[in-house]
Amino acid sequence: MKKIGVLFGQENTFPGALVDKINSMEIDGLTAEFVHLGGVHMGVPSGYDVIVDRISHDLPFYRAYLKNAILNGTQVINNPFWWSADDKFFNYALAEKLGVAVPRTVLLPHKDYPPDINAQSLRNLEYPLDWEGIFDYVKFPAFLKPHDGGGWRDVFHVHNPEEFFRAYHQTRDLCMTLQAAVNFKEYFRCYVVGQSEVRIMAYDPKRPHAERYVMGPNTAPAKLLKRVEKDALTLCKALGYDLNTVEFAVEDGVPYAIDFMNPAPDADLHSVGRESFDWIVDAVAKLAVKKAKASDKVTTGMNWSAFLSGTTVEKKAAPKKVAAKKAVAKKAAKKKE
């Protein structure tokens with residue numbers, strides 16, 4: 001029996017709906033359930049062909065469990081190796097290389113450092129920083145935000161150097177980026193599933209968190225939506241994410257990719273609305289089933305590049321089996337003669 005597991009935390013609507021959806025498909029020899037685990041034995045298979053991960057970014061124990069699961073044949077949505085290695089500043093630089101529009105962004109040194117870091121540890125760091133040059137490049141207004149964060153935590157909207165330094169002094173030992181603000185008239189949040197399916201949702205980050213998804217028909221121009229879809233797919237294919245949300249802020253008709261490192265995106269019924277909720281449940285269910293069906297045919301190479309990229313290769317028959325097949329074929333040919 002093939003098994004799909006869902007690993008989750010405080011979510012109440014999506015995990016259960018996903019399990020119910022997969023099981024309602026009544027696929028012979030396949031079932032879905034919530035993941036159940038305790039102490040993890042090294043090198044032992046997880047018992048799941050596929051795991052949909054919704055929580056390992058918050059719990060290192062789960063992240064280590066998933067890496068061990070992949071080593072022993074489980075396919076995980078999303079790849080925990082790449083997720084561990086990724087950060088938002090790298091993503092911005094990658095987007096620029098791919099021709100996707102992103103706001104001007106600068107990576108900044110930490111304001112504070114751990115106790116064991118001293119002046120000698122920072123001998124490669126310019127001091128004082130060329131703040132004037134940084135501000136001239138990024139320009140105000142801007143957003144000061146962590147280079148690897150989420151949930152709008154520790155994000156500051158700053159309009160001048162004074163506001164910037166006031167915010168910067170509150171960032172503790174976080175590594176931050178300063179990014180130009182986009183004066184947007186339209187804003188989209190896109191679900192991307194399986195690096196092929198895209199749902200574009202109107203979104204307003206200026207509203208209270210529970211009211212940000214704009215319900216109703218999307219009235220944006222078709223040409224703009226087509227570019228948003230294309231750019232969202234380009235980013236997720238390059239990053240290797242099978243499930244992600246990509247956010248675009250549109251200024252003067254140009255969609256700027258703002259946030260596209262969301263491998264466990266919000267999928268709560270009460271925030272995204274019924275139509276988007278049903279879409280994401282259906283799309284992830286189909287993706288998980290597709291991966292589970294293919295689990296016997298693929299394996300991951302035992303090297304870091306394979307784990308990071310999710311590269312798979314077809315399993316080949318053992319040499320003895322191949323020789324046996326050839327012998328049978330040879331006998332059959334002789335009989336025909």
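User: Which residues touch the most other members of the largest nonpolar core?

Analyst: The model is a predicted one. Its largest nonpolar core has 35 residues, and I4, F14, L18, I22, I280 and V284 touch the most other members. The elements giving two or more residues to this core are β1, α1, β2, β3, β9 (186-193), β11 (243-251), α8 (269-272) and α9 (274-293). The most comes from α9, with 10 residues.

User: What is V284 in contact with, leaving aside its neighbours within four places in sequence?

Analyst: V284 is in contact with F14, L18, V52, V193 and L243 once those neighbours are set aside. A contact here requires heavy atoms within 4.5 Å. Another core lies apart from the largest one; it has 27 residues, including Y92, L233, V246 and M261.

User: What makes strand β1 mostly covered?

Analyst: The count of buried residues. In β1 (residues 2-7), 5 of the 6 residues are buried, and buried means under 20% relative accessible area.

User: How do you know that β1 pairs with strand β2 and with strand β3?

Analyst: A pairing needs at least two bridges between the strands. Between β1 and β2 (residues 30-34) there are 5 bridges, and the two run parallel. Between β1 and β3 (residues 50-53) there are 4, again in the parallel sense. Both counts meet the cut-off, so both are pairings.

User: Which elements make up the right-handed β-α-β unit?

Analyst: The unit consists of β1, helix α1 (residues 14-24) and β2. The label right-handed applies because, with the strands pointing away from the viewer, the path from the first strand over the helix to the second runs clockwise.

User: Why is the pair of W82 and F90 called edge-to-face?

Analyst: A search of the whole structure gives 17 aromatic pairs. In the pair of W82 and F90, the ring centres are 6.1 Å apart and the planes are at 85 degrees. Pairing requires centres within 6.5 Å, and edge-to-face requires planes over 60 degrees apart. Both conditions hold, so the pair is edge-to-face.

User: Why is the pair of F164 and F165 put in that class?

Analyst: The F164 and F165 centres lie 5.0 Å apart with the planes at 75 degrees, so this pair is edge-to-face. Both rings also belong to one aromatic cluster, formed by W131, F135, F140, F164, F165 and Y168.

User: Are these four residues, W82, F90, F164 and F165, buried or partly exposed, and why?

Analyst: Buried is under 20% relative accessible area, exposed is over 50%, and partly exposed is in between.
- W82 has 16%, so W82 is buried.
- F90 has 39%, so F90 is partly exposed.
- F164 has 0%, so F164 is buried.
- F165 has 28%, so F165 is partly exposed.

User: Why is A249 called buried, and what does A249 touch?

Analyst: A249, found in strand β11, has a relative accessible area of 1%, which is under 20%, so A249 is buried. Not counting residues up to four places away in sequence, A249 touches V182, F184, E186, Y187, V254, P255, Y256 and I258. E186 is 63 residues away along the chain, yet the two C-alpha atoms are separated by 6.2 Å.

User: Why is F61 called partly exposed?

Analyst: F61 has 42% relative accessibility, which falls between 20% and 50%, so F61 counts as partly exposed. F61 lies in helix α2 (residues 60-71) and touches L37, G38 and V40, residues up to four places away in sequence not being counted.

Technical notes: Residues are numbered from 1 along each chain as its sequence is written. This is a predicted model: local features need pLDDT of at least 70, side-chain atom pairs count only at pLDDT 80 or more; totals for chains, interfaces and linings use all residues. Side-chain values use heavy atoms; hydrogens and water are left out. Rings of Phe, Tyr and Trp (its six-membered ring) pair if their centres lie within 6.5 Å; planes under 30 degrees apart count as stacked, over 60 as edge-to-face and the rest as tilted. Buried means under 20% relative accessible area, exposed over 50%, partly exposed in between (1.4 Å probe, protein chains only). A nonpolar core is a set of buried Ala, Val, Leu, Ile, Met, Phe, Trp, Tyr and Cys residues joined through side-chain atoms within 4.5 Å.
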